[in-house]
Amino acid sequence: MRKFRYRPAIVNNNPVVRFLFEEMHRQRCCQMDLSEKVGLHRDTLRNWRTKHVPRIDDIEAALNCLGYTLKAVKIKNKEK
């Protein structure tokens, strides 16, 4: 495991991406470690933090490495 470093700002406003990086910080997991576990290039994770929205299978794999799963939940109808 690499030495954990500072916490760069999360520019991406996607809530799943924000959760991923906040959880990485909480678990003290650096981008390089997670990218190796998931099988992604480290620049891919860096791009998620700043501007790109990840594919569902990639974000799910990253969340699985942190001990989470991605789940679809029906939204309650607001009209009734």
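Biologist: Is the crossing of α2 and α3 left-handed or right-handed?

Modeller: This is a predicted model, and in it the crossing of α2 and α3 is right-handed. The two helices pack at an angle of about 120 degrees, and their axes are 8 Å apart.

Biologist: Which residues of α2 and α3 meet there?

Modeller: From α2 there are Gln31, Met32, Leu34 and Ser35, and they meet Arg42, Leu45, Arg46 and Arg49 in α3. Sorted by class, this contact of α2 with α3 has 3 nonpolar, 2 polar and 3 charged residues.

Biologist: What makes α2 roughly perpendicular to α4?

Modeller: The axes of α2 and α4 cross at roughly 110 degrees and come within 9 Å. Angles from 65 to 115 degrees count as roughly perpendicular, and therefore α2 is called roughly perpendicular to α4. The crossing in which α2 passes α4 is right-handed. On the α2 side the contact is made by Leu34, Lys37 and Val38, and on the α4 side by Asp58, Ala61, Ala62 and Cys65. By class, the contact of α2 with α4 has 5 nonpolar, no polar and 2 charged residues.

Biologist: Which residues of α2 are buried, and what do they pack against?

Modeller: The buried residues of α2 are Gln31, Asp33, Leu34, Ser35 and Val38, and they pack against α1, α3 and α4. After α2 comes glycine 39, whose phi is positive, near 95 degrees. A positive phi is also found at arginine 28, about 55 degrees, although arginine 28 is not a glycine; this residue lies in the loop between α1 and α2.

Biologist: Why is glutamate 23 called buried?

Modeller: Glutamate 23, which is found in helix α1, has a relative accessibility of 5%. Buried means under 20%, so glutamate 23 counts as buried. Not counting residues up to four places away in sequence, glutamate 23 touches Leu66 and Tyr68.

Biologist: Why is tyrosine 68 called partly exposed?

Modeller: Tyrosine 68 has its place in the segment after α4, and its relative accessible area is 32%. Partly exposed is the range between the buried limit of 20% and the exposed limit of 50%, so tyrosine 68 is called partly exposed.

Biologist: How do you know that the side chains of tyrosine 68 and glutamate 23 are joined by a polar contact?

Modeller: The contact that joins the side chains of tyrosine 68 and glutamate 23 is 3.4 Å, and a polar contact needs a pair of N or O atoms within 3.5 Å, one able to donate a hydrogen and the other to accept it. The residues that tyrosine 68 touches, leaving out those up to four places away in sequence, are Phe19, Glu23, Arg26, Gln27 and Leu63. The C-alpha atoms of tyrosine 68 and leucine 20 are separated by 9.4 Å, and the two residues are 48 residues apart along the chain.

Biologist: What makes arginine 46 partly exposed?

Modeller: Arginine 46 has its place in helix α3, and its relative accessibility is 43%. A polar contact of 3.2 Å joins its side chain to that of aspartate 43. The C-alpha atoms of arginine 46 and methionine 32, which are 14 residues apart along the chain, are separated by 9.7 Å.

Key. Residues numbered from 1 in each chain as written. Predicted model: local features only at pLDDT ≥ 70, side-chain atom pairs only at ≥ 80, totals over all residues. Heavy atoms only, no water. Helix = DSSP H or I, 4+ residues; strand = E, 2+ residues; numbered from the N terminus. Buried < 20%, exposed > 50% of the residue type's maximum accessible area, 1.4 Å probe, protein only. Contact = heavy atoms within 4.5 Å. Axes fitted to C-alpha atoms, helices over the stretch in contact; angles between N-to-C directions. Left-handed = near helix turned anticlockwise from the far one by under 90°. Nonpolar A, V, L, I, M, F, W, Y, C, P; charged D, E, K, R; others polar. Parallel < 35°, antiparallel > 145°, perpendicular 65-115°, else oblique.
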